[in-house]
Amino acid sequence: MRVIVFGASGMIGYGALYASLRDDAVTEVVAVVRTPLDVAHPRLRQIVHADFTDFTAIQDELTGLDACFYCLGVSAVGRSEAEYTRVTYDYALAAARALITASPGLTFVYVSGEGTDPTGQSRQMWARVKGRTENDLRALPMTAYMFRPGFVQPVDGAVSRTPLYRRIYRATAALHPILGRLFPRHITTTDAVGRAMLAAARPGSGASAVLRNPDINRLATARR
């Protein structure tokens with residue numbers, strides 16, 4: 001299987017990247033990045049690209065792929081709806097459309113978030129934008145899965161790029177093992193999210209179109 005990862009420098013993307021590189025069934029991992037990752041692996045190919053609304057320049061490098069793990073995203077804090085929509089909606093739809101053309105039959109896994117609202121009624125701007133993104137991705141001619149993780153524990157060196165989230169993870173780090181034992185179905189890890197993505201992308205996975213933490217953990221365990 002050949003997979004492509006968007007957002008590999010982020011916390012969830014890190015999990016997807018490393019889960020893919022550890023899986024012997026994955027023959028190549030392509031990471032589309034603005035800045036090269038400080039990662040070297042014989043099965044990793046990096047594509048440095050600047051404009052995430054237009055992938056025409058790298059279209060020929062997106063052929064023959066089996067799955068896309070789209071983990072690119074930003075916090076809505078301090079951003080206007082237009083700015084957040086550009087990164088969250090425009091980038092994701094541009095990537096999906098380019099991949100449909102270059103790699104027909106590809107499975108697209110989109111990382112959304114717990115609380116996403118596909119009805120467009122939420123008072124939370126980010127939830128409406130993510131919901132619209134989910135809706136329009138699912139309307140495209142491709143197999144698509146929407147991952148809506150809630151609490152995700154960073155493991156194996158994964159680090160959030162959002163300063164506020166980093167502070168929260170540091171402050172609650174000692175509680176992670178306890179929370180994991182008390183609420184095993186509702187807490188997941190970056191590694192589990194990555195493994196669940198790989199499981200969902202395989203034929204006959206039986207995964208539902210929208211997956212939350214319990215579903216993610218179940219799929220990740222099935223792949224062990």
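Biologist: Where is D54 found?
Modeller: The model is predicted: local features need pLDDT of at least 70 and side-chain atom pairs count only at pLDDT 80 or more, whereas totals for chains, interfaces and linings use all residues. Residues are numbered from 1 along each chain as its sequence is written, and side-chain values use heavy atoms, with hydrogens and water left out. Helices (DSSP runs of H or I, at least four residues) and strands (DSSP runs of E, at least two) are numbered from the N terminus. In these terms, D54 is found in the loop between β3 and β4 (67–70).

Biologist: What is the relative accessibility of D54?
Modeller: Buried means under 20% relative accessible area, exposed over 50%, and partly exposed in between (1.4 Å probe, protein chains only). D54 counts as partly exposed because its relative accessibility is 37%.

Biologist: What distance separates the C-alpha atoms of D54 and A98?
Modeller: Along the chain, D54 and A98 are 44 residues apart. Between their C-alpha atoms, the separation is 8.3 Å.

Biologist: How many salt bridges does the count give?
Modeller: Side chains of opposite charge can pair when their charged atoms come close. A salt bridge here is a side-chain nitrogen of Lys or Arg within 4 Å of a carboxyl oxygen of Asp or Glu. By this rule, the number of salt bridges is eleven.

Biologist: Which strands hold R2 and E28?
Modeller: The side chains of R2 and E28 form a salt bridge with an N to O distance of 2.5 Å. The pair lies 26 residues apart in sequence and therefore ties together two parts of the chain, strand β1 (residues 2–6) for R2 and, for E28, strand β2 (residues 28–33).

Biologist: Is E28 buried or exposed?
Modeller: E28 also meets R45 in a salt bridge (2.8 Å, N to O). That pair joins strand β2 to strand β3 (residues 44–48), parts 17 residues apart in sequence. R45 counts as partly exposed at 24% relative accessibility. E28, with a relative accessible area of 17%, is buried.

Biologist: Which residues are joined with R2 into one salt-bridge network?
Modeller: A further salt bridge links the side chains of E81 and R128 (3.4 Å, N to O); E81 is in helix α2 and R128 in helix α3 (residues 125–138), 47 residues apart. E81 is partly exposed at 40% relative accessible area, and R128 is partly exposed at 23%. Salt bridges with shared partners form one network, in which R2 is joined with E28, R45 and E61.

Biologist: At roughly what angle do the axes of α2 and α3 cross?
Modeller: Two packed helices are described by the angle between their axes and the distance between the axes. Axes are lines fitted to C-alpha atoms, for helices over the stretch in contact, and angles run from 0 to 180 degrees between N-to-C directions. The axes of α2 and α3 come within 10 Å, and their crossing angle is roughly 15°.

Biologist: With which residues is T85 in contact, leaving aside its neighbours within four places in sequence?
Modeller: T85 is found in helix α2 (residues 81–102) and counts as buried at 13% relative accessibility. Contact means heavy atoms within 4.5 Å. With those neighbours left aside, T85 is in contact with D90, V129 and R132.

Biologist: How are α1 and α6 oriented to each other?
Modeller: Angles under 35 degrees count as roughly parallel, over 145 as roughly antiparallel, 65 to 115 as roughly perpendicular and the rest as oblique. Helix α1 (residues 11–22) and α6 pack at about 60°, with their axes 7 Å apart. The two helices α1 and α6 are therefore oblique.

Biologist: Which residues of α7 make the contact with α6?
Modeller: Helix α6 (residues 190–201) packs against helix α7 (residues 213–222) at an angle of about 75°, with the axes 7 Å apart. That angle makes α6 roughly perpendicular to α7. A192, V193, R195, A196, A199 and A200 of α6 make the contact, together with, in α7, I216, N217, L219, A220 and T221.

Biologist: What percentage of the 224 residues is buried?
Modeller: The chain has seven helices and nine strands. Among contacts in the chain with a separation of 6 or more, 68% are between residues 24 or more positions apart. Of the 224 residues, the buried share is 52%.
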